[in-house]
Amino acid sequence: MARKVTGRHVVIATVGAWLAGFVIFFPILWMVLASFKTELEAFATPPSFLFFHWTTENYVTVQERSDYLHHALNSLIVAGGSTLIALLIAIPAAWSMAFSPTRRTKDILLWMLSTKMMPPVGVLVPIYLIYKNMGLLDTRTGLVFILCLGNLPIVIWMLFTYFKEIPKDILEAARMDGATIGRELIYVLTPMAIPGLASTLLLNLILAWNEAFWTLNLSTLEAAPLTTFIASYSSPEGLFWARLSAASTLAIAPILIIGWFSQKQLVRGLTFGAVK
Amino acid sequence: MGRITLEAVQKSFGPVHIIKGADLDIPDGAFVVFVGPSGCGKTTLLRLIAGLEDVSGGRILIDGNNVVDVPPAKRGLSMVFQSYALYPHMSVRGNIAFGLKMAGLPKAEINQKVEAAAATLNLTPYLDRKPRELSGGQRQRVAIGRAIVREPKAFLFDEPLSNLDAALRVQMRLEVTRLQKQLGTTAIYVTHDQVEAMTMADKIVVLNAGRIEQYGSPIELYQRPANLFVAGFIGSPKMNLIVGEEAAQRGATTIGVRPEHIAIVEDGGEGWRGKVLVAEHLGSDTFLYVDSGALGTLTVRCVGEKRLSAGDAVTLRPEPNRIYRFDANGNSIFT
C-alpha cells in the first residue's frame, strides 16, 4: 500500500527542508553580510543582522592590498587546466574500463579510489621536495599537475558510472549499422554521454577551485589562486573579519554563480546511479 | 539472396564451451527460429552469425562466402535487439536512417527509403519523435524499420518481443511474420518461447546446452521429436513422460504422451486410473492434473468444458498410435 501523504506532512517536510537549507547556508550568508560591515561591527556582540552601516570599503581595501584578478586568473587556470587534463586522461580510461573490462578492472578502479583514502598531508614532504627539486613550487604548472592527479580517481569513477549506464546493445546496433569506431564515438557515444561529461566537468571544476591543502602549501604569490588569497587575510597582523569576509565572498562568487546556473546538472551528477 | 550455412561452428569463453559444434543450413528466404531454454547458446549462436562475437572454430557461410573474418556491418545482415537498442538522442527518422547514412547514401535516397520503411510499419506520423516519446510496440517497430531499410540478406531477431505485453506480443508476432513473408528475406529469430517458435517458424532449431538437438519444421518437431529433450520442450502443456514398467511393456525406457492425446473415459474400463489433483477450466480447454499412482502426475488436455474437479476418480486412455518411445539414451525409437 502506498504511504499516505497528507497536506500536513507536506507542510512539515517543506518547513524542515527550508530550515535545514537555511542552517547550511547560514555561514555563507553571514560571511556575505560581514563583508559589508565595518571591522568594528563585524565582531560586535550581540551581532547586528541587517541593521548596520552598510559599506563597500572592505572590497576597496582588499583590492588595494592584493590583486584579486591575478589570483582569480590563477584559480581559473589551475581549476580549468587540471579539470581539462583530468578529463582527457579519464575519458579513454573510463571508456575502456566500461566497454571492454578485464578481470582486473574492478581492482584497478578500487586501487584508484584507495589513493583518495590517504590524507594528503601524508605525502606533503615528499611532494614538496620533488616540487622544489623540479622547480615546480609556486608555478601554475605544478598546481595544475597536483590537482589533476588528486581528482583523477573521482573523475574516472564518475565517468565510468556514466558510461556503464550506456547500454552495450546500442553500441552493437551501431556496429551492425556499419559505424566505424570513430563514427560510433561521434554519432552515438558522445551525444549520449554529454550530460555525464558536463556534470563531471562541473563537479571537478568546483573541487579544484576550492582545493586548499595543496594550493596553500605549494604556492605563495606567483601561482597563488584564490584560496591563498583568502588565507592571506587570516594573518599574523590579526584577524580582520570584515576584510576576510570580503575576500572570501570575492573568491567564491565565480564558482557560486557557475554552480547556481548548473544546479540541475550538478544534482544529477551527485546522485547519479542512486536512482534509476 | 541470403543462404546461411554453419559448418562445425564452435564458441568458447575461456574454458566454457558455449557452442559445441553447430552444423546448419538455412535456405534463402526461410524463417528459422532458434529455441531453447535460457543459457542454451541460442543468442550466442545468433551473435556469431551477426559477427558481434568471433567464432572459436568452424565456418559461417553467407551465400557461399566464409564470413568469419568479416566485420558485422560488411556481412549484410541486420539485427533487432531485445532491448530495441534505439539511439535515444536521434528521432525515429534518424534511427532508421543511421545505417544508410553510415553507408554513405545520398540524402534524397535515404529520405525516400526511410519514408518507405516508415509507411510499411505505420510509423509515418512518428518520424520526428524521439524514442522516449513512443510506446513499447512503436519502439519495436522502429527497431524493425532500422533493420529492413538496409535491405539486408537476412534479419537477425534476438528475442524482440519479450519486452512487450501478452496482447501486443501476439499482434507483433503476426506483423513480423507477415512482413518477413512479404519481403521474402531470410530471418533468424531467437526466442525461449516455444509458442512463438511454433507459430512463426518455417523451420525450428532446438538448442540445448550448446548443441543442436533437432532441426525441422514445427510439425516435424511435434510429431517426430528426435529425443526426450525436444519432446519435452515442444508442445504446451508439456508431454507426459512415464518410466518404469509401463514403458518397459512397450519396449522403451521412457514413454511419452502429449496431454492432448489422452482421453478421459467416463465409464471406467481399460486405461490408467487416477484421481484429479487440480482442474483448470479455461473455457475452450480443460487442463487436468491427475495423480495416477506409479505413473506419476499426468497432465490431460480436454477440449471444451469438462465437469470434473479435484478428488474425482478418472480413467485415462492414451491414443495408442500417439505414444512416443525413447531408449536409455533418451533418443526416440521410431518403428
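## Chain B at a glance

Of the 335 residues in chain B, 41% are buried. Here, buried means that 20 or more other C-beta atoms lie within 10 Å of a residue's own; exposed means 12 or fewer, partly exposed is in between, and the C-beta atoms are placed from the backbone. The model is a predicted one: local features need pLDDT of at least 70 and side-chain atom pairs count only at pLDDT 80 or more, while totals for chains, interfaces and linings use all residues. Residues are numbered from 1 along each chain as its sequence is written, and chains are lettered from A, with ligands numbered from 1, in the order in which they are written.

Chain B has nine helices and 18 strands; these are DSSP runs numbered from the N terminus, with helices (H or I) of at least four residues and strands (E) of at least two. Its C-alpha trace spans about 75 × 45 × 35 Å along the principal axes. Take the contacts in chain B with a separation of 6 or more: 63% of them join residues 24 or more positions apart. A contact means that the C-beta atoms of two residues, placed from the backbone, lie within 7 Å.

## A covered strand

Let's start with strand S8 (residues 186-191) of chain B, where six of six residues are buried. On one side sit Thr186(B), Ile188(B) and Val190(B), and on the other Ala187(B), Tyr189(B) and Thr191(B), so to speak a strand with both faces covered.

Strand S3 (residues 31-35) of chain B pairs with S8(B) in the parallel sense over five bridges, and strand S7 (residues 154-158) of chain B also runs parallel to S8(B), joined by five bridges. Two strands count as paired if DSSP finds at least two bridges between them. Ala187(B) stands opposite Phe31(B) and is also the bridge partner of Phe155(B). S7(B), helix H5 (residues 166-183) of chain B and S8(B) make a right-handed β-α-β unit: with the strands pointing away from the viewer, the path from the first strand over the helix to the second runs clockwise.

## The nonpolar core

The largest nonpolar core has 145 residues, and Val33(B), Leu156(B) and Ile188(B) have the most contacts inside it. Such a core is a set of buried Ala, Val, Leu, Ile, Met, Phe, Trp, Tyr and Cys residues joined through C-beta atoms within 7 Å. Leaving aside residues up to four places away in sequence, Leu156(B) touches a handful of others, including Leu46(B), Met79(B) and Ile188(B).

## An open sheet

Four strands of chain B form an open, antiparallel sheet in the order S2-S1-S4-S5. At its edges are strand S2 (16-26) and strand S5 (65-66), each pairing on one side only. Two bridges join strand S4 (residues 57-62) to S5(B), and Ile62(B) stands opposite Asn65(B).

Asp63(B) lies in the loop between S4 and S5 of chain B. Its phi is near 50 degrees, a positive value in a residue other than glycine. Asp63(B) is partly exposed, with 14 other C-beta atoms within 10 Å.

## Where the chains meet

The contact takes 16 residues from chain B and 14 residues from chain A. Helix H2(B) gives the largest share of chain B's side, three residues. By class, that side has twelve nonpolar, four polar and no charged residues; Ala, Val, Leu, Ile, Met, Phe, Trp, Tyr, Cys and Pro count as nonpolar, Asp, Glu, Lys and Arg as charged, and the others, Gly among them, as polar.
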